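Please keep the view at hand while reading.

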Amino acid sequence: MPLQHIVGEWDFMDITLKTAPTVFIPRPETEEFVSKVISVYSNVMEPLDMLEVGCGSGAMSLAILHALPNINSTAVERSKAATALAWENAKRLNLQERFKVYNHTTAENDYLPKELDGRKFDLIISNPPYVKTEEFALLQPEVKLYENLNALDGGPDGLRIARLVFDCGCLHLKPGGKMWLELGSDHPQLVRTIMENQYKGRLRFVKDYKDQYKRNRFVELEKV
């Protein structure tokens with residue numbers, strides 16, 4: 001059993017989160033991803049509205065809110081247990097005034113709950129499931145036995161949920177707004193191709209970034 005589940009809480013960036021066996025444990029690479037987002041927006045002074053698709057424990061949104069007081073975050077999460085945990089973590093960190101979370105399963109043509117119809121955001125962040133279905137047999141035992149595998153399964157090419165996030169961005173990003181995703185190391189070049197072939201005129205591939213292991217993992221997109 002992962003130590004985080006035994007202890008019941010874990011540090012992420014500069015915050016401490018309550019954890020639960022039903023919710024995926026944030027990885028160190030995700031801290032790198034969040035650090036990149038924070039560094040990009042650290043000099044922006046005007047208020048920004050952020051959307052997170054699939055927030056899990058709330059780690060990414062809450063770490064960003066803790067670091068950047070000018071940002072407000074709205075999050076959607078398909079797991080009821082994770083939704084409740086994210087809200088509890090927001091209250092524990094006294095960030096509940098700037099954080100709203102909705103229990104909603106993002107699906108084709110149903111990207112956000114009805115309460116968010118017509119909402120436009122300055123940035124969208126997501127760490128969607130990106131493990132290819134065929135790679136599940138290769139996962140470490142502590143992941144296969146103790147993690148919520150729904151939080152990992154990205155379908156045949158690992159981008160099944162990411163494509164829903166792309167479509168959500170087309171509808172809910174302001175012009176010039178950015179989308180940031182943490183994906184698998186073989187995905188950035190594929191995402192670049194997808195943007196050029198399927199989202200041209202709607203979304204633009206800006207850049208990919210390496211993690212500490214020199215793997216291209218983080219993707220920046222822009223609403224055209």
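In what order do the strands of the open sheet lie? In this predicted model, the order of the 7 strands is β5-β4-β3-β6-β7-β9-β8, and their pairing is mixed. The edges are held by β5 (99–103) and β8 (203–210); each has a single partner strand, so one side of each is left without a neighbour in the sheet. On average, neighbouring strands are turned by 20° against each other, direction ignored.

With β6, strand β7 runs parallel, and 5 bridges join the two. Here I124 has M179 in β7 as its bridge partner.

Helix α2, formed by residues 28–41, touches β3 (48–53), β6 (121–126), β7, β8 and β9, and its direction makes about 155° with that of β7. Helix α3, formed by residues 59–67, lies across β3, β4 (71–77), β5 and β6. The direction of α3 runs at about 175° to β4.

How are the two helices placed against each other? Two packed helices are described by the angle between their axes and by the distance between those axes. For α2 and α3, the angle is about 40° and the axes are 10 Å apart. This angle makes α2 oblique to α3, and the crossing is right-handed. On the side of α2, the residues in contact are T30, F33, V34, V37 and I38; on the side of α3, they meet M60, A63, I64 and A67.

The last stop is E222, a residue of strand β9. Is E222 buried or exposed? Its relative accessibility is 18%, and because buried means under 20%, E222 counts as buried. The side chain of E222 is joined to that of R204 by a polar contact of 2.5 Å. Leaving aside residues up to four places away in sequence, E222 touches G176, G177, K178, R202, L203, R204 and V206.

Methods: Residues numbered from 1 in each chain as written. Predicted model: local features only at pLDDT ≥ 70, side-chain atom pairs only at ≥ 80, totals over all residues. Heavy atoms only, no water. Pairing = 2+ DSSP bridges. Helix = DSSP H or I, 4+ residues; strand = E, 2+ residues; numbered from the N terminus. Axes fitted to C-alpha atoms, helices over the stretch in contact; angles between N-to-C directions. Contact = heavy atoms within 4.5 Å. Buried < 20%, exposed > 50% of the residue type's maximum accessible area, 1.4 Å probe, protein only. Polar contact = N/O pair within 3.5 Å; in protein donor to acceptor, adjacent residues only side chain to side chain. Parallel < 35°, antiparallel > 145°, perpendicular 65-115°, else oblique. Left-handed = near helix turned anticlockwise from the far one by under 90°.
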